[in-house]
Amino acid sequence: EAKYMVAQEPDDNVVATRTYDLSITYDKYYQTPRVWLFGYSELGSPLSPEQTFEDIIQDYAQRTVTIDPHPHLNEPHASVHPCKHSAVMKRIVENLIAGGSEPKIDQYIFIFLKFIGSVVPTIEYDYTMASATAGTGKG
């Protein structure tokens, strides 16, 4: 009769992973994109506002990032308030231009998500962009 050895890893090696639904709406008043976040635990249950704020840089939690009603969904979401978005984005683009890199208009959303990443650093995005249009070989 064969005997098997069972190896077990300690629980402290398991990384708890939260996931977020991210939606972007256009804020007519501020005339900028507005980011909305809805978080889930690793078991798939919705996060409480307190748990959501654990993933936000504390300088921004409950100031720049607040829990607000989403304009198109029935649940409250964490929202990165858009009041400073345009000024920050203008400064980022000016710095890119000063550094010799003039961003294209279609890159705005990727630059914007990098800015949002500074507010919510625990969220990782896939910034992969195709450099050529399919079938044309042109970038």
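Tyrosine 30 has a relative accessible area of 31%, so tyrosine 30 is partly exposed; buried means under 20%, exposed over 50% and partly exposed in between, with a 1.4 Å probe and protein chains only. Tyrosine 29, at 70% relative accessibility, counts as exposed.

This is a predicted model, where local features need pLDDT of at least 70, side-chain atom pairs count only at pLDDT 80 or more, and totals for chains, interfaces and linings use all residues. Numbering runs from 1 along each chain as its sequence is written, and side-chain values use heavy atoms, with hydrogens and water left out.

## Ring pairs

A search of the whole structure turns up four aromatic pairs. Rings of Phe, Tyr and Trp (its six-membered ring) pair if their centres lie within 6.5 Å; planes under 30 degrees apart are stacked, over 60 edge-to-face, the rest tilted. Tyrosine 29 and tyrosine 30 make an edge-to-face pair, because their ring centres are 4.9 Å apart and their planes sit at 85°. Phenylalanine 38 and tyrosine 40 are edge-to-face too, with centres 5.2 Å apart and planes at 70°. Both phenylalanine 38 and tyrosine 40 are buried.

Then there's a cluster: ring pairs link Tyr108, Phe112 and Phe115.

## How confident is the model?

The protein's mean pLDDT is 81, with 78% of its residues at 70 or more; pLDDT is the predictor's confidence in each residue, from 0 to 100.
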